[in-house]
Amino acid sequence: ANIMTAGDTTYVKQGVYNERVHIEKSGSPNNSILYQATGTVVTHGFTIKADFISVNGFEITDTINEWADGAGIHIEGKHCQVTNNYIHDVTRLGIQIFAYPNDSYSTSYCVIRDNRIEFAGLAGIEIYGRNNVIENNDISHILQYTPKWTNPPDWADADGIHFCGAGHIIRKNYIHHILLSDKGNIDPHIDHIQTFDPAYDIVFAQNFFEHTPVINNHYYQGAMVCLLYTSPRP
């Protein structure tokens, strides 16, 4: 990660790598930097603070109890692609696409596609920034309180996708089996998609949400939209 330059590819051989990869060197247009798993490659995930980075085919688990490094994959950058990864039993979010302010172009035009996420904390995928594409991901068994998350916030829930920012396309995702019976789900308010900060000009298409029946007055919702703008704010 420290020596790769635009257009390089690293092929990672099958094995268990007890490390987290921190990426701060960017690729360039038409010359992304690619991390490609060959066989079953198990790691503690990726923290990406760069542009034009692609991560494909990894198994990610057992992250630490920390905001960015606790997510399976944390992204702050443009034109990154995260595809075909299996993310499970991580301490925080499955995949986190972060920007500040929430609709900043500093994180934009990323593609999150064909990933399977289960037993992540709080949400499977959380989206900030602009014009990101989230499609064909399988999200299940999200936990309100994961085993390694010490001092979690009292507002923690177990949701499928959190979205903020602007211009995203969220399509063909399958969100299912977020269960009260899963250890760590004490009293979550379960939403398959939810925004809690300004979000506008976002397209939802062909997503499939599979609900669990109501149990003990705990309700499950397809969508929780607190603040939604249909055009840019003043």
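The paragraphs below lead through a predicted model, from its sheet to its cores, rings and loops.

Local features are taken where pLDDT is at least 70 and side-chain atom pairs where it is 80 or more, while totals for chains, interfaces and linings use all residues. Residues are numbered from 1 along each chain as its sequence is written, and side-chain values use heavy atoms, with hydrogens and water left out.

The sheet is the place to begin. Eight strands form an open sheet in the order E1-E4-E7-E10-E13-E16-E20-E24, with parallel pairing. Strands, like helices, are DSSP runs numbered from the N terminus; a strand (E) has at least two residues and a helix (H or I) at least four. Two strands count as paired if DSSP finds at least two bridges between them. The edges of the sheet are E1 and strand E24 (203-205), each of which pairs on one side only. On average, neighbouring strands are turned by 5° against each other, direction ignored. The angle is taken between axes, which are lines fitted to C-alpha atoms (for helices over the stretch in contact), and angles between N-to-C directions run from 0 to 180 degrees.

Strand E4 (residues 33-37) can be followed in detail. Strand E1 (residues 9-12) is joined to E4 by 4 bridges, and the two run parallel. Across this pairing, Thr9 stands opposite Leu34 and Tyr11 stands opposite Gln36. E4 is also joined by 4 bridges to strand E7 (residues 53-56), again running parallel. There, Tyr35 has Val55 of E7 as its bridge partner. Of the 5 residues in E4, 4 are buried, where buried means under 20% relative accessible area, exposed means over 50% and partly exposed lies in between (1.4 Å probe, protein chains only).

The next topic is the nonpolar interior. A nonpolar core is a set of buried Ala, Val, Leu, Ile, Met, Phe, Trp, Tyr and Cys residues joined through side-chain atoms within 4.5 Å. The largest such core has 42 residues, and Phe46 and Ile73 have the most contacts inside it. E4 gives the most to this core, with 3 residues. A second, separate core has 6 residues, including Ala71, Leu122, Trp149 and Ala156. Returning to Ile73, its contacts (heavy atoms within 4.5 Å), leaving aside neighbours within four places in sequence, include Phe46, Val55, Ile60 and Ile95.

Aromatic rings come next. Rings of Phe, Tyr and Trp (its six-membered ring) pair if their centres lie within 6.5 Å; planes under 30 degrees apart are stacked, over 60 edge-to-face and the rest tilted. The count comes to 6 aromatic pairs. Phe163 and Phe204 form one that is edge-to-face, with 5.0 Å between centres and 70° between planes. This pair links distant parts of the chain, since Phe163 is in strand E18 (residues 159-163) and Phe204 in E24, 41 residues apart. Phe163 is buried at 1% relative accessibility, and Phe204 is partly exposed at 34%. Elsewhere, ring pairs link Tyr35, Phe46 and Phe58 into a cluster. A ring may also face a charge: the charged end of Arg116 sits over the ring of Tyr86, 3.9 Å from its centre. The rule for this is that NZ of Lys or CZ of Arg lies within 6 Å of the ring centre and within 35 degrees of the ring normal.

Some backbone features remain. Most residues other than glycine have a negative phi, and most peptide bonds are trans. Asp62, in the loop between strand E8 (59-60) and strand E9 (73-75), has a positive phi of about 60°. Asp62 is partly exposed at 36% relative accessibility. Asn84 likewise has a positive phi of about 60°; Asn84 lies in the loop between strand E10 (81-83) and strand E11 (86-88) and is partly exposed at 41%. The peptide bond from Tyr100 to Pro101 is cis, with omega near -5°, and Pro101 lies in the loop between strand E12 (95-97) and strand E13 (111-113).

A loop position can also be buried. Ala50, in the loop between strand E6 (46-48) and E7, has a relative accessible area of 4% and is therefore buried. Leaving aside neighbours within four places in sequence, Ala50 is in contact with residues including Ile23, Lys25, Glu76 and Cys80.
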